[in-house]
Amino acid sequence: MTVRGLEITGDVFCGILAAIHIYIFVLETFLWRSRAAKGFNLSQTVVDYSAGLAANQGFYNLLLAVGLIWSLAEQAPLTKIFFLSAIFTAGLFGFITASVRILFVQASASETFGITTRINILRNCAKLAELKRTENVNVQIEDTKIDHVPVRIYRSNRIKDMNKSLYPVIVYYHGGAFYMGSLETHHYITSKLAELTDFIVISVDYRLAPEHPFPAGLDDCYKVTKYLFDHGKEFQIDQKRIVLAGDSAGGTFAAVLAQRLVDKDYSPKLQVLIYPIVQFFDFMLPSYMKANVEVLDYGTMADVLSIYLNKTITSDILGNNHTTPKVKKQFEKYIDWSLIPVDIRGERNPIAPDYGSNELYEQVKQALTEDISPLLVDDTRLKKLPPTYMLSVNHDRLRDENFIYAKRLENVGVKVVHHHYEHTFHGALNFLHAPMDLKIAHTMIDNILSLRPVSFRPTLVSSRFHGAIGLALIPLNIVGETWANIMSEYTPHDPTATTFNDYLTDIYVDDDAIFPSLFGMFMI
């Protein structure tokens, strides 16, 4: 097509969309709507209409899909299509916008047209975290294998100067919805943990679905962890001080393995669960039903299960149709909505458990087992678990199940520290380095290592969004039991304080924290 002498190709069309998106991005983020109208000599109506148009995911999805099909029809190269028209617009200029979902749509389209798989596209996008990696000069790295499973071992430079025979270890399982992620995507998290704790950190490079469906990845993590409990001294590891840690799907592995290991009379010292997936039973929890800022879109839970189990599972499960009334009655006691604070839950209440499909249940019943849904176990199992650190975020479909799991553990006597970040998103901890170096991620790491105790509800850590994509968190002075004290074989620093509750300090939530309109428009 030629318009006034300019040949309009599919890539040009996507480029025009990118320019429009950048323009709206500038209006929304840097100038705000009222200032934009004055600064660009535009009517307020035009600015508001443009902003609303940019926020309309369906409209933007349609335009980019047209551009994608156009490019495909012209047989443009694959990398040119996706990395110029999709990743460039979605990743660089519209990072915390609907564009992240658009990328998922485009990846699905690529699979439909037989170019490549959706998973390959999403994995390649996740690998952007590996670009321009800067090594931590304070940490030594060794890539090796433990019981035939690839791992990366981190040791801070101070360890060799400490001249001890044995050291505590953090066994870290990376996130990625069971089908993405790697040692590299989580390198900054694990190297930072090693630097700040002077513990040995071992990151497990487990096999990914769907090439290696459940339970392959879990089995890899179990093999490494069990080997360390049995033969830790080979790596200068104190078998009495082993921490299980992970984020997202890796948090699932940490929770599952903690239960499995204590049942086999092993004793993890601590489990660190960072916005973990802990159940595939109730997809009607309030956090599933609300609008969330999703910077790292890993698909619906139907998508995740389909890939993890390597079978076709329809989106019908998102309405809890995958559990029959009998199954709902069996498991509903484990998903107690009353354990979600009222101000977090809102006015929603559980739907009557009088529906469901036997066919769907037979398809997904494996997902309701303890090896995939660690929340769905009796209290007698939970009470044996080690002290637990839970990190949850508000813009996350997993928020409510994280609250429920933390509270159930606390109710059966497990020591629990729960930090809830009111104004940030799933995956925020990964943003520890340039070009997306977010202060919130560094604060999360600091708070994880401080292990500040709480009692009846988690500390609501308040943060504010600043600028285009910068996130800033107002640090709170934290006084309490430290990570080192928890991990120590000796008496805590304060000998009179024998439990977490002895250190309780209330934190008042900053009710005035606001979103600029770029973020706020996704709350509609």
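A polar contact is a pair of N or O atoms within 3.5 Å; within protein, one must be able to donate a hydrogen and the other to accept it, and residues adjacent in sequence count only if both atoms are side-chain atoms. First, the ground rules. This is a predicted model, where local features need pLDDT of at least 70, side-chain atom pairs count only at pLDDT 80 or more, and totals for chains, interfaces and linings use all residues. Residues are numbered from 1 along each chain as its sequence is written, and side-chain values use heavy atoms, with hydrogens and water left out.

Now D198. This residue sits in the loop between α8 (187-197) and β6 (200-204). Helices here are DSSP runs of H or I with at least four residues, strands are runs of E with at least two, and both are numbered from the N terminus. Is D198 buried or exposed? D198 counts as buried because its relative accessibility is 17%; the cut-offs are under 20% relative accessible area for buried, over 50% for exposed, and partly exposed in between, with a 1.4 Å probe and protein chains only. The side chain of D198 makes a polar contact of 2.8 Å with that of S156, and another of 2.9 Å with that of R158.

R158 and D198 also form a salt bridge between their side chains, at 2.9 Å, N to O. A salt bridge means a side-chain nitrogen of Lys or Arg within 4 Å of a carboxyl oxygen of Asp or Glu. R158 belongs to helix α7 (residues 157-162) and D198 to the loop between α8 and β6, so this pair ties together parts 40 residues apart in sequence. R158, at 41% relative accessibility, counts as partly exposed.

How many salt bridges does the structure hold? There are 16. In one of them, the side chains of D379 and R408 meet at 2.8 Å, N to O. That pair links distant parts of the chain, with D379 in helix α16 (residues 379-382) and R408 in helix α17, 29 residues apart. D379 is partly exposed, with a relative accessible area of 38%, while R408 counts as buried at 6%. D263, E370, R381 and K384 are linked in a salt-bridge network.

Next, the strands. Two strands pair if DSSP finds at least two bridges between them. β7 (residues 237-247) and β8 (residues 270-274) run parallel, joined by five bridges, and β8 runs parallel to β9 with four bridges. L273 of β8 stands opposite G246, and its bridge partner in β9 is M390. β9 (residues 388-395) is joined to β10 by seven bridges, again parallel. From β9 the chain crosses through helix α17 (residues 399-411) to β10, in a right-handed β-α-β crossover. Right-handed means that, with the strands pointing away from the viewer, the path from the first strand over the helix to the second runs clockwise. Why is β10 described as largely enclosed by the rest of the structure? Because 10 of the 10 residues of β10 (residues 416-425) are buried. In β8, five of five residues are buried.

Last, the cores. A nonpolar core is a set of buried Ala, Val, Leu, Ile, Met, Phe, Trp, Tyr and Cys residues joined through side-chain atoms within 4.5 Å. The largest has 89 residues, and Y173, I202, L228, F280 and Y405 have the most contacts inside it. Helix α10 (residues 249-263) supplies the largest share of this core, nine residues. Apart from it lies another core of 33 residues, including F199 and I274.
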